[in-house]
Amino acid sequence: SKMATVPLGFNIDAPRWDQSTFVGRLKHFLNITDPRTVLVPEEELDRAKAVVEGCRAGLMPPGSSQEQLLYAKKLYDSAFHPDSGEKMNLIGRMSFQVPGGMAITGCMLQFYRTVPAVVFWQWVNQSFNAFVNYTNRNAASPISLRQIGVAYVTATGAALATAVGLNFYTKRAPPLLARWVPFAAVAAANCVNIPMMRQQEIINGITVTDGDNNELGRSRRAAVKGIAQVVVSRITMAAPGMIILPIIMERLEKFAFMQRIRVLHGPLQVLLCGGFLLFMVPAACALFPQRCSLALADLELELRDSIVAKHGDKVPYVYFNKGL
């Protein structure tokens with residue numbers, strides 16, 4: 001079939017919203033993490049990829065509206081890796097964070113009383129997290145299967161040690177504190193899991209560029225800043241649901257009608273978790289700009305000296321992609 005040319009000035013890869021503001025980034029991530037895209041059939045995703053690649057070459061299917069092109073880009077962003085362009089496994093996609101996360105978080109919050117239940121659900125959660133972190137890794141810093149294994153085992157260990165340890169301590173504490181144990185375990189595990197999964201970036205540094213995307217070298221400090229922001233985002237993503245929901249459930253369970261429908265407490269928690277995550281996944285991703293910056297003064301000495309030697313004082317900041 002004949003292809004039409006893309007309208008002048010239309011760039012399929014240009015962000016639709018201002019990425020320097022929180023609201024602009026929130027709209028961007030609401031679009032990408034839309035859980036409805038999980039239900040889109042494979043062949044439609046492949047068509048969307050073909051449309052996006054065509055647009056990049058300046059061609060598009062005849063009669064396509066700008067809306068259709070932008071919808072193809074939305075599907076492409078939701079399912080294909082930004083660096084490699086490969087289709088990501090369904091479970092690891094950011095658009096699967098709401099359905100996957102709500103089921104696991106709801107169960108963690110519901111089954112927190114016995115050690116075997118705590119162990120099982122924290123393990124399920126860490127397995128899900130490892131999958132997501134691996135799927136969304138920075139493709140420029142490859143990680144070996146052995147490193148993935150070590151990261152997975154240490155993060156699961158951190159989550160279990162925190163959960164089981166705190167469970168033991170909260171036996172005599174107010175009941176609400178016991179309900180907050182899963183959140184403490186998730187936060188502790190995130191502090192271990194993400195840096196371990198992305199250790200190559202911390203060891204070797206990540207590429208930093210000037211404002212015009214010219215490479216300036218590799219910085220370990222940039223990697224540490226980017227990864228720290230991702231850890232904060234992931235903990236923020238989980239916090240409202242895992243902190244506020246236990247308070248709501250604690251209140252609700254005092255009512256007589258709630259005591260009659262105990263069997264529905266689990267499904268109710270899962271649904272409420274979904275409500276929190278629907279907004280919190282994009283909001284947490286939008287906390288920090290995807291294109292992160294670092295002042296020249298904060299870089300390693302050697303890198304700073306080499307930049308000043310080449311560019312004088314023309315490069316006050318360096319930029320890099322922080323990952324998700």
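Which helix holds the place of Q122? Q122 sits in helix α5. The model described here is predicted.

## Overall picture

The secondary structure of the protein comes to 13 helices and six strands. Along its principal axes, the C-alpha trace spans about 65 × 55 × 35 Å. Of the 324 residues in the protein, 47% are buried.

The protein exposes about 16400 Å². Carbon and sulfur atoms supply 64% of that area. Among contacts between residues at least 6 apart in sequence, 76% join residues at least 24 apart.

Q122 has a relative accessibility of 3%. Buried means under 20%, so Q122 counts as buried.

Neighbours within four places in sequence are left aside in what follows. Q122 is then in contact with M108, A159, L160, A163, P182, A185 and V186.

## Helix α4

Helix α4 covers residues 97–110, which makes 14 residues. From its first C-alpha to its last it reaches 19 Å, close to the 20 Å expected at 1.5 Å a residue.

Of the 14 residues of α4, 12 are buried, so the helix is largely enclosed by the rest of the structure.

## Helix α6

Helix α6 runs over residues 145–169 and has 25 residues. At 1.5 Å a residue it should span 36 Å, and its end C-alpha atoms are 36 Å apart, which agrees.

An α-helix has 3.6 residues a turn, so residues three or four places apart point the same way.

Strand β3 (residues 206–209) and strand β4 (residues 215–219) run antiparallel and are joined by four bridges. I206 stands opposite S219 in β4, while the bridge partner of T209 is E215, also in β4.

The two strands form a hairpin, with five residues between them. In the turn, N213 has a positive phi of about 70°.

What makes up the nonpolar surface patch of about 490 Å²? The residues are F255, F257, I261, V263 and L264.

F255 is found in the loop between α10 and α11 (256–260). Its relative accessibility is 45%. Exposed means over 50% and buried under 20%, so F255 counts as partly exposed.

Conventions: Residues numbered from 1 in each chain as written. Predicted model: local features only at pLDDT ≥ 70, side-chain atom pairs only at ≥ 80, totals over all residues. Heavy atoms only, no water. Expected span 1.5 Å × (residues − 1). Buried < 20%, exposed > 50% of the residue type's maximum accessible area, 1.4 Å probe, protein only. Patch = residues over 30% accessible without salt bridge, like charges linked within 9 Å, V, L, I, M, F, W, Y side chains within 5 Å. Areas by Shrake-Rupley, 256 points an atom, 1.4 Å probe, with all protein chains shown as cover. Salt bridge = Lys/Arg side-chain N within 4 Å of Asp/Glu carboxyl O. Pairing = 2+ DSSP bridges. Contact = heavy atoms within 4.5 Å.
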